[in-house]
Amino acid sequence: MQFPSHQIEILVAEDNEFDINLTVAAFRDEIVPNRVHCVPDGEAALAFLKHTGEYRQAPRPDLVVLDLNLPKMDGLEVLQTIKGDPELRSIPVIMVSGNGGQAEIRRAYELQAAAFVIKPDEVDDYFAAIRSLKDLWFRAASPLG
């Protein structure tokens, strides 16, 4: 099994502190070096991705984990902006939501989300879901280098 040769940069756009802490913990990995960056809303996610404002020095993420229900700009709006930008569209985006309906899931896939994860009610199940994503993206998928 070949692991990425560079540190994996992950952007998590999430406004729930508990979910942020759980997601960061789930992405910890002793074998594959990674760094998780967190932003609290959709506008901050785009600022991070476009290197504006306080995020001028932000690295380009290898993966974005994007909550559907974000303040200031919802996750689908952020996803649409990412996938409409030639500089950003190649970044894989995983949508997460505690209450995504079929219309939101369908729209996310139409906008080229790499995956849509419904947050399970049980903490252990959510942690396991994020760990599964981590295993896929760190160990099985071929990232752009």
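Visitor: Not counting residues up to four places away in sequence, which residues does G98 touch?

Guide: This is a predicted model. G98 sits in the loop between β4 (93-97) and α4. With residues up to four places away in sequence not counted, G98 touches I118 and K119.

Visitor: How far apart in space are G98 and K119, C-alpha to C-alpha?

Guide: K119 is one of the residues that G98 touches. In sequence, G98 and K119 are 21 residues apart. In space, their C-alpha to C-alpha distance is 4.7 Å.

Visitor: Is S97 buried or exposed?

Guide: S97 lies in strand β4. Its contacts, leaving aside neighbours within four places in sequence, are D67, L68, N69, F116, V117, I118 and K119. The relative accessibility of S97 is 0%, so S97 counts as buried.

Visitor: Which residues are linked with K119 in a network of salt bridges?

Guide: Side chains of opposite charge can pair when their charged atoms come close. The side chains of K119 and D19 meet in a salt bridge, at 2.7 Å from N to O. The network of salt bridges that includes K119 also holds E14, D19 and D67.

Visitor: How many residues apart in sequence are the parts that K119 and D19 tie together?

Guide: K119 and D19 form a salt bridge through their side chains. K119 is in the loop between β5 (115-118) and α5 (123-140), while D19 is in helix α1 (residues 17-27), so the pair ties together parts separated in sequence by 100 residues.

Visitor: What is the relative accessible area of D19?

Guide: The cut-off for buried is under 20% relative accessible area. K119 is buried, at 12%. D19 is buried too, and its relative accessible area is 12%.

Visitor: Is K72 buried or exposed?

Guide: K72 forms a salt bridge with D41. D41 is in the loop between β2 and α2 and K72 in the loop between β3 (63-67) and α3, so the pair ties together parts 31 residues apart in sequence. D41 is buried, at 8% relative accessible area. K72 has 62% relative accessibility and counts as exposed.

Visitor: Which residues of α2 are buried?

Guide: Helix α2 is mostly covered, with 7 of its 9 residues buried. The cover over those buried residues includes β1, β2, β3 and α3. The buried residues of α2 are G42, A44, A45, L46, A47, F48 and L49.

Visitor: At roughly what angle do the axes of α2 and α3 cross?

Guide: Two packed helices are described by the angle between their axes and the distance between the axes. The axes of α2 (residues 42-50) and α3 (residues 75-83) come within 9 Å. The helices are therefore roughly parallel to each other, and the crossing angle is roughly 20°.

Visitor: Which residues in α3 do the α2 residues meet?

Guide: α2 passes α3 in a right-handed crossing. The residues of this contact divide into 5 nonpolar, 2 polar and 1 charged. On the α2 side are G42, A45, L46, L49 and K50, and in α3 they meet V78, T81 and I82.

Visitor: Which residues of α4 make the contact with α3?

Guide: The axes of α3 and helix α4 (residues 102-110) come within 10 Å and cross at roughly 15°, and the crossing is left-handed. By class, the contact has 3 nonpolar, 1 polar and 2 charged residues. L76, L79 and Q80 of α3 take part, and from α4 come E104, R107 and A108.

How values were computed: Residues are numbered from 1 along each chain as its sequence is written. This is a predicted model: local features need pLDDT of at least 70, side-chain atom pairs count only at pLDDT 80 or more; totals for chains, interfaces and linings use all residues. Side-chain values use heavy atoms; hydrogens and water are left out. Axes are lines fitted to C-alpha atoms, for helices over the stretch in contact, and angles run from 0 to 180 degrees between N-to-C directions. Helices (H or I, at least four residues) and strands (E, at least two) are DSSP runs, numbered from the N terminus. Angles under 35 degrees count as roughly parallel, over 145 as roughly antiparallel, 65 to 115 as roughly perpendicular and the rest as oblique. A crossing is left-handed if the near helix is turned anticlockwise from the far one by less than a right angle, and right-handed if clockwise. Contact means heavy atoms within 4.5 Å. Ala, Val, Leu, Ile, Met, Phe, Trp, Tyr, Cys and Pro count as nonpolar, Asp, Glu, Lys and Arg as charged, and the others, Gly among them, as polar. A salt bridge is a side-chain nitrogen of Lys or Arg within 4 Å of a carboxyl oxygen of Asp or Glu. Buried means under 20% relative accessible area, exposed over 50%, partly exposed in between (1.4 Å probe, protein chains only).
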